Amino acid sequence: MASLKELKGRINSVKSTQKITKAKQMVAAAKLRRAQAAAEAARPYAERLSGVMASLAGKVSGDSAPKLLAGTGANQRHLLVVVNTDKGLCGGLNSNIVKAAKVKARALIAEGKDVSFYLVGKKGRAPIKRDYADRIEKWFDTSAVRQPGFEEAEAIADELIERFEKGEFDVAHLVYPIFKSALAQDPTVDQLIPVPSPAKGDGAAAGGDAVVEYEPGEEEILEELLPRYVRTQLFGALLEREASEQGASMTAMDNATRNAGDLINKLTIQYNRSRQAAITTELIEIIAGAEAL
Amino acid sequence: MALHFELVTPAKLVRSEDVHMVVVPGAEGEFGVLEGHAPFMSTIRDGAVQVFKTEGGAPETIEVRGGFAEVGENGLTVLAEHVEG
């Protein structure tokens, strides 16, 4: 049985933990709204871009298609771009992303492919390093900036494209969380490079029957467009990550606050009982002493 | 009479309005877009997009970097990577 003083200490320590989790929850709730707004604001650009891509990709096909669209022709070396958060305190989000990445990696290795990792964000490093220490190619640090913006996406995309052009890998996959709600963030695996051909049906609809004039030429435009598309894809992933992190953090911290409250209640009851027991014992002692006289 | 003009960056939808004419700095030269322009697509070089709200009025200039312009049935869409100001 813990002494009264010890119990009091524990109650106080749980109380201060609760204060921290509550503050973090409120911060996450405020940030979530901003992150969601940012994710929504980015949508028009992505939509227009993929619309244009679809109409162009349908026209430029065969041998003339750029490498980013057609691929290297091989399918041997795979690169997994895993987007994790920089900060913890967001429940199972990071371990879910890592799990999805590892499942994909295992499937590819089982097929006899070479797999390497390109990690974005701090929290994916340790768990992936544990299993695939020799396969990690690079870490991209996003923890220095408060809110990853288009510059970071641009930097990542440019580096990926450069490596691709050099022939360091054949296929790149992007692993990132998709923000569904504060309760659900689904880790998703998408093919990033070569750019997957958009559905042909959409292309015909978007292009219509009208003859579109291109300047300079269709292929030149497509060549400009593809890196931009990769960048947008990464930017979208970063924004989704941001929203997911705040959402997951809000839920996790809400749970933690509630658990702390329960614990405080339990400890308080225990504390009161012990105190009562001590008082009763004291009384008995006094009465017994009085009777003995 | 009015041309629907949209300027979009990855971060947000900067403009979406009906204007008279827009002059876009295309990769092979500037071109002006009025209502009813034939379908057209071009990459753009870094420069200023000039937006004429009314005929003969003073243009509003928006500096853009990197991207392309698309003219379709629904008007002109400029997709730019960066917009200044």
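A salt bridge is taken as a side-chain nitrogen of Lys or Arg within 4 Å of a carboxyl oxygen of Asp or Glu. A:Lys180 and A:Asp186 form such a pair, with their closest N and O atoms 2.4 Å apart. A:Lys180 is exposed, at a relative accessible area of 54%. A:Asp186 is partly exposed, at 32%. Here, buried means under 20% relative accessible area, exposed over 50% and partly exposed in between (1.4 Å probe, protein chains only).

The model is predicted: local features need pLDDT of at least 70, side-chain atom pairs count only at pLDDT 80 or more, and totals for chains, interfaces and linings use all residues. Side-chain values use heavy atoms, without hydrogens and water, residues are numbered from 1 along each chain as its sequence is written, and chains are lettered from A and ligands numbered from 1 in the order in which they are written.

Over all chains, a search of the whole structure finds 22 salt bridges. One of them joins A:Glu154 to A:Arg231, with the closest N and O atoms 3.8 Å apart. A:Glu154 lies in helix H6 (residues 150-165) of chain A and A:Arg231 in helix H8 (residues 218-292) of chain A, so the pair ties together parts 77 residues apart in sequence. Helices are DSSP runs (H or I, at least four residues), numbered from the N terminus. Both A:Glu154 and A:Arg231 are buried. The two residues also belong to a network of salt bridges that links them with A:Asp158, A:Glu224, A:Arg228 and B:Glu81.

Helix H6 of chain A also holds both A:Glu159 and A:Arg163, four residues apart, about one turn of the helix. Their side chains meet in a salt bridge of 3.4 Å, N to O. Both A:Glu159 and A:Arg163 are buried.

How values were computed:
Helices (H or I, at least four residues) and strands (E, at least two) are DSSP runs, numbered from the N terminus.
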